[in-house]
Every structure is written in C-alpha cells, then in structure tokens.
Amino acid sequence: MKKKLLAVLCATGLLTAALTGCGNSEAQTTSTTETAEQTETTVAETQETEDTQATEETAAEDTANLSGTISLAGSTSMEKLCEAMSESFMEKYPGITVTVEYTGSGAGLESLASGSVDIGNASRHLKDEELSGGAVENVVAIDGIAVIEDKENTVTDISAEDLAKIYTGEISNWSELGGKDEAIVVIGREAGSGTRDAFEELLEVADNCAYAQELDSTGAVLAKVASTPGAIGYVSLDVVDDSVIAISIDGTEPTEEKILEGNYLLSRPFVMATNGEISAQNDLVKTWFDFIKSEDGKSVISQVGLIIPE
Amino acid sequence: MKRKAIIEKTAKIIFMICAVLAIFAVCSITLYMFMKGAPTFQKVGVPELLFGTKWAPTAKTPSYGILYIILSSVVGTFASVLIGVPIGLLTAVFLSEIAKKHLGSVVRGAVELLAAIPSVIYGLIGMMVLNPWMYQLEKSIFGSDFSHQFTGGANMLSAIIVLAIMILPTVISVSTSSLKAVPGNLRSASLALGATKMQTIFQVVIPAAKSGILTGVVLGIGRALGEAMAINMVAGGAVNIPLPFNSVRTLTTQIVSEMGYAQGLHRQVLFSVGLVLYIFIMIVNFILLKARKKGVGEL
C-alpha cells in the first residue's frame, strides 16, 4: 500500500517536472525563432553565395536567392505592424530572416546609431540630433486615433486642451463645453495597449488619466461609447463607423486626408530609420523597403489599421 | 483464467493512470503558478504589491499595487453570495419541501438551464440591459455631483448582480439535494409534535441539512471568485476602491484584460495576480473540504 502511494507520487512528480519544463521553454519561444527554424535549411544552402550575392540582378528577379538576416529594433507600438510585415515578407522571401526587438523608439535609434541593427523603429519623428547622426527618416505608415462619442452628443469639435482636461477629470460634464447637461463617461483602453500609449503620449496626459472604464479591445470601446449617453472614447481611425461620432480636434476632422496633411493632432508616424538613404543600404534592407512599398506591403499596413503615407 | 487476470490487471492500471492524471494536473498547475508568480513578489516587494493602491504598470515610474483589485474580488464575491444564497436557499426549500411534482420539475428545469448558460451571455445581457439601468440609477443618485466620476453603469453593483444570478444554480442544486437527504422521520416527528410546516422547514429540515447547504455556499463563493468573462463585460475595468457605483477590476479581469499586450515585469506581475487568485481559490476549497468532512461526521 505504501509502495503504491510512493509510486503514484513519484510518477506525478516526474510528470509535473516534465510539464513545467515544457511550459518554460514554450513561453520563451518567440516568433522569430520559429521562422528561423523554417528558413534554416534555405539559409544553409545559400550561405556560400552570401558574400557575392550583392549583384543587382539577383535583387531584381531571382529573389529566392537572397538570404541573410535583417535586424530591426525600436518602438513597442510598432509591434503589430512589424510582426505582420515580417511574417508576410518572410513568406515571400523564405531565405531572409527578419528579427525585431521591441525596445522603445529611443533605444531603437541608439542601436541604429551604434550599428548593431539595420533599421531603427520609432513611433515619432526623428529628433535633430538623431538626424545629424546620419539617421534617415523613412515613414512607412501613419497611425491615426479618432476620439469618438455617442450619436446624441452635440459637441462635435473640441480643443486639444479641453480633451486633455476631460481625460484627466478636470471637465466632467458636457455642459462645460457648451453641450447638454450630461455627465462625461471617460472610456479608455487597458494599460499596455498601443492605442492608449499613443493617445496619452500625443495628448500629453500620460499616466494622468482618470478612466471611468478601461476596456480591453477596440470593439468594446466602440460598442460602449455607442451605447452609453455622454461617453467619450478613443479608437484606431480605421474602425470608426456610423454608430458613433468622430470628434474634430481644434477644428480638424479625423480623416485620412487631414492626417496625411499633418494637421490632425492624434496621429503619429511609424518610422523605420536607416543609417543613410535606403539606396545606400544592402540588398536585404532594400528588398525590405521595396516590399513595404509594394501592394503586398500596403495591404499589410491597411490590415493592421494604419494609414499608408504619401 | 489467465486471460481474466490480465484483463483485471490492465483495467486496474488504466484506472490508476486516469487517477494519476488528475493529481498530475493539479500538481503541475500549482507548481507552475508558484514558479511564475512568486519571483515577482520579491522583485516588486510584497507590501508594495499586495497593499499598494496604485496600479500604473506602464507609467514612467511603474507601480504595481493590487490592493483595490483584491478588495474588489473579495467584496464582489461576498456581496453576491449575500444576495444569491438566501434566494438560492429559499428556491431549494421550495423545490424539495413545497413544490408539487409538476411545478417542481419546471423550476428545476429552469435552474438547470440557468447553470448551462455560458458566462459570456450573462456578460452580454449585463452590458446591454443592466448597465443602462444602472446608469439611470447612478444619474438619479449622484445627479449633478461633479466630484463623482460617472461610469455609464459599468460598476461594482452590476458585477454583484450578475454574479449573484450566476451562483444561483450551484447553491440551489447542492442545497436541494442536501435538503432532500434529510430523513423523512425528522419531518414526521416535528409535524407530530404540532409544529407547522414552516416551523418544521426552518427549525428542523434546514438545520439538519446545514453542512450540505454550507457546501453549496462555498462552491458559490468559488464560482463568483473565479468568474472572469461576465465581470469583464459589466464592471468597467478601471482600478478603483470597490464602492457600489465605482468602476472596478477584479483579480480575474485584471489578468484577462491586460495579458494581451503586457510585457516584461508588467506581464510577470499578472502571473502574481494569478497566484493570489489561485491561493484564494485554494483557501475556499480547503474550507469546502473541512465542511464536507464535518458533514460526514454528523450524519
């Protein structure tokens, strides 16, 4: 009897150890290592030609021969874009491995300056000292955020200052902005959301927001705002529909044209900075940017809810 | 003869493997939660984590206080049990003592159906029906009180109401079976002594079924504590003191809503939140085991 119990316990212990071991390594597996496995064989095959592959014709036609690694580092907000872009890029060019680290815009540009990565990601325009250090700003996509309210609301234009005051809790009734006597229900996203980061950063209210509701998806924000009288919320520009009003900020409507003109406050560029012009980069990086500008790349950009520049 | 012995033996082994699987699952989950959740307590500091009131994981100087989150879970659970248990118990009494066969089966069917409704449906109805009602109530209570932050009806009270309904089936079914298990001679004796039916129910039958009812209550607590989906949809999700008209976040919704984009220490802290929840659930189950043992002893 005792022996049996011991056996059961031993078996359980072993199994437990085995499972948790698996769990650990699973958690650490990133998408890059997955794809690395996928392309391992092709990389090995073409390794010898790597030194000589920098001929123009290969880049032009025979893309399957390209092999190597493109490394990116920078903005965490660009994770969705980078993941989607590298995924479809590596599907088209199985010989190339794209690795992306999400270290933050500043850190990414520092890595670029030190030469440890090919591309530095930044979710803002480059600063003067960064530009003078040789970095070139390549805007690959534009992120736009719309401020939305329910259909019944009469306030359809708001100043950036008042908007900030709403989100910090200084203004709590629409009548203070010339609207109906209706309490403002401040709706936002959960900590860690890219939209929330961008919104708070652009409005300069980071870490000061007093949310009445923190929802964990764009759809939830849209639905709640549409169904709650007096609600205000923010979502990616591309998901705005007829169920809500998208408010103008400082007289500028949130439309793609206005954002491209650069007049709308709540928008920011997604920059993939390079050391020197794109034309001066190696073939791999050139191919990467060509892909972003191609139809495939454009469809990726609009798929993740961003605006295509130019 | 030999074949029979082999079959016997194989069957025994299969049963044993199945039994071990359950132990294995529990052990590995426990081990995993402690491995993932415990180190963060050291990194952030136990008092900062458990008794801090500011949850700002992505701020420049992050702070990871989950006191309000823990309190929301505790308050929400107990308030919903306070509402749900009396209703559930009286329903159980009705089912086992009073209802005629026909009506009883209708009610029983309804209760079973209530148990089968997925929590996301509770959440959806709470969001679409309960929240607007709550907002009306909120407006009429706070009116033009500018210091109150209006939540649009997504608040603690909504969560409590949804939870109270969700724990009903558990409380009802466990209580009903324990009431039914009370021997009929106790009832007969009580009635023979001249007690009315109601006196018999409240002074003889319910006390006799006490431990079974307690089991139902504890199971209800477990259900309420562990519910995530419905609460996520109706409670608002901002971290606040658990007052009736505040938007709140519980241990479960904390994990659900932030796991998606959390990185680094923020992510690790969410595992610690999971560990806290897990410990709460273990305590509840421990109480349950005790209650059951006591029940067995009494009968």
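This is a predicted model: local features need pLDDT of at least 70, side-chain atom pairs count only at pLDDT 80 or more; totals for chains, interfaces and linings use all residues.

Reply: Happy to; let's take chain B. Residues are numbered from 1 along each chain as its sequence is written, and chains are lettered from A and ligands numbered from 1 in the order in which they are written.

Chain B contains twelve helices and two strands (DSSP runs numbered from the N terminus: H or I of at least four residues for helices, E of at least two for strands). In sequence order the pattern of chain B is α-α-β-β-α-α-α-α-α-α-α-α-α-α. The C-alpha trace of chain B spans about 70 × 65 × 30 Å along its principal axes. Among contacts in chain B with a separation of 6 or more, 74% join residues 24 or more positions apart; a contact here means C-beta atoms, placed from the backbone, within 7 Å.

Now for the helix packing, with helix 6 (residues 156-180) of chain B as our guide. Helix 3 (residues 67-98) of chain B packs against helix 6 of chain B at an angle of about 40°, their axes being 6 Å apart (lines fitted to C-alpha atoms over the stretch in contact, with angles from 0 to 180 degrees between N-to-C directions). Helix 3 of chain B passes helix 6 of chain B in a right-handed crossing (the near helix is turned clockwise from the far one by less than a right angle; anticlockwise is left-handed). The contact of helix 3 with helix 6 of chain B involves 19 nonpolar, nine polar and two charged residues (nonpolar: Ala, Val, Leu, Ile, Met, Phe, Trp, Tyr, Cys and Pro; charged: Asp, Glu, Lys and Arg; polar: the others, Gly among them).

Helix 5 (residues 119-142) of chain B also meets helix 6 of chain B, with axes that come within 10 Å and cross at roughly 140°. Helix 5 and helix 6 of chain B are therefore oblique to each other, and their crossing is right-handed. Helix 5 of chain B brings B:Ser119, B:Tyr122, B:Gly126, B:Leu130, B:Asn131 and B:Met134 to this contact, while helix 6 of chain B brings B:Leu157, B:Ser158, B:Ile161, B:Val162, B:Ile165 and B:Met166. By class, eight of the residues in the contact of helix 5 with helix 6 of chain B are nonpolar, four are polar and none is charged.

Finally, let's look towards the partner chain. Chain B has 31 residues in contact with 31 residues of chain A. On the chain B side, the elements giving two or more residues are helix 1 (2-44) and helix 11 (251-258). Helix 1 of chain B supplies the largest share, eight residues. By class, the chain B side that touches chain A has 18 nonpolar, eleven polar and two charged residues.

Conventions:
Two residues are in contact if their C-beta atoms, placed from the backbone, lie within 7 Å. Angles under 35 degrees count as roughly parallel, over 145 as roughly antiparallel, 65 to 115 as roughly perpendicular and the rest as oblique.
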